[in-house]
Amino acid sequence: MEGAIKTLVTTFISSSRGKDNLDSKSFQKLVQKQFSGMMEDTNSSKKIKEMQAGLDANNDGKVSFQEYLTLIGYLANCVSDSKTNSSQAASDAS
Ligand SMILES: [Ca+2]
C-alpha cells in the first residue's frame, strides 16, 4: 500500500519533470506508458485529450497532482467495480 502511494507520487513527478502540473504531452505519455493495460483508447491522442479536458477542473490546460488523483480514483473505482461485480456473479451462481 505504501509502495503503491509512493509509485503514484514518483510517477507524477517524473512525468512532470518535477513540476506541479503535467502538460498535454507529458500527460499523454504517462497515460500511454502506465495505463495502456487498464484503459481503452490510449493509442488515440484525441481520446487522451478529451480525458485530459474532463480531468482539468480549473481549466488551465494542464493536469495538476489533484487532477491526476481524480484519474487514479476513477481507475481504482473501475477495478473495484469489476471485482465487486464478479464476486456478486459468483455468489448469484451458487
Ligand atoms: Ca488543471
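In what order do the elements of the protein run from the N terminus on? The order is α-β-α-α-β-α, which comes to four helices and two strands. Helices here are DSSP runs of H or I with at least four residues, strands are DSSP runs of E with at least two, and both are numbered from the N terminus. This is a predicted model, in which local features need pLDDT of at least 70 and side-chain atom pairs count only at pLDDT 80 or more, while totals for chains, interfaces and linings use all residues. Residues are numbered from 1 along each chain as its sequence is written.

**Overall form**

- Taken along the principal axes, the C-alpha atoms of the protein fill a box of roughly 50 × 30 × 25 Å.
- Of the 94 residues in the protein, 13% are buried.
- A residue is buried if 20 or more other C-beta atoms lie within 10 Å of its own, exposed if 12 or fewer do, and partly exposed in between, with C-beta atoms placed from the backbone.
- Among contacts between residues at least 6 apart in sequence, 41% join residues at least 24 apart.
- Two residues are in contact if their C-beta atoms, placed from the backbone, lie within 7 Å.

**Helices α1 and α2**

- Helix α1 covers residues 2-16, and its axis comes within 9 Å of the axis of α2, crossing at roughly 135°.
- Axes are lines fitted to C-alpha atoms, for helices over the stretch in contact, and the angles run from 0 to 180 degrees between N-to-C directions.
- The two helices α1 and α2 are therefore oblique to each other.
- Angles under 35 degrees count as roughly parallel, over 145 as roughly antiparallel, 65 to 115 as roughly perpendicular, and the rest as oblique.
- The crossing of α1 past α2 is right-handed.
- A crossing is right-handed if the near helix is turned clockwise from the far one by less than a right angle, and left-handed if anticlockwise.
- On the α1 side the residues are Thr11, Ser15 and Ser16, and they meet Ser26, Lys29, Leu30 and Gln34 in α2.
- By class, this contact of α1 with α2 has one nonpolar, five polar and one charged residues.
- Ala, Val, Leu, Ile, Met, Phe, Trp, Tyr, Cys and Pro count as nonpolar, Asp, Glu, Lys and Arg as charged, and the others, Gly among them, as polar.

**Ser15 in α1**

- Ser15 is located in helix α1 and counts as buried because it has 21 C-beta neighbours inside 10 Å.
- Leaving aside neighbours within four places in sequence, Ser15 is in contact with Leu22, Ser26, Lys29 and Leu30.
- Ser15 and Lys29 are 14 residues apart in sequence, and their C-alpha atoms are 7.9 Å apart in space.

**Helices α2 and α3**

- Helix α2 (residues 24-34) packs with helix α3 (residues 45-55) at an angle of about 110°, with the axes 10 Å apart.
- The helices α2 and α3 are therefore roughly perpendicular to each other.
- This crossing, of α2 past α3, is right-handed.
- From α2, Ser24, Phe27, Gln28 and Val31 meet Ser45, Ile48, Lys49 and Gln52 in α3.
- The residues of the contact of α2 with α3 divide into three nonpolar, four polar and one charged.

**Gln28 in α2**

- Gln28 has its place in helix α2 and is partly exposed, with 17 other C-beta atoms within 10 Å.
- Apart from neighbours within four places in sequence, Gln28 is in contact with Ser45 and Ile48.
- From Gln28 to Asn77 the separation is 49 residues in sequence and 21 Å in space, C-alpha to C-alpha.

- Most residues other than glycine have a negative phi.
- Asp41 is not a glycine, yet has a positive phi of about 70°.
- Asp41 lies in the loop between α2 and α3 and counts as partly exposed because it has 13 C-beta neighbours inside 10 Å.
- Asp41 and Val31 are ten residues apart along the chain, and their C-alpha atoms are separated by 10.0 Å.
- Asn59 also is not a glycine and has a positive phi of about 55°.
- Asn59 sits in the loop between α3 and β2 (63-64) and is exposed, with 7 other C-beta atoms within 10 Å.

**Record annotation**

- An unreviewed UniProt entry places the feature "domain: EF-hand" at residues 43-78.
- UniProt positions are given in the numbering used here, feature names are shortened, and annotations may be inferred rather than shown by experiment.
- Over residues 43-78 the chain is 69% helix and 6% strand, with the end C-alpha atoms 20 Å apart.
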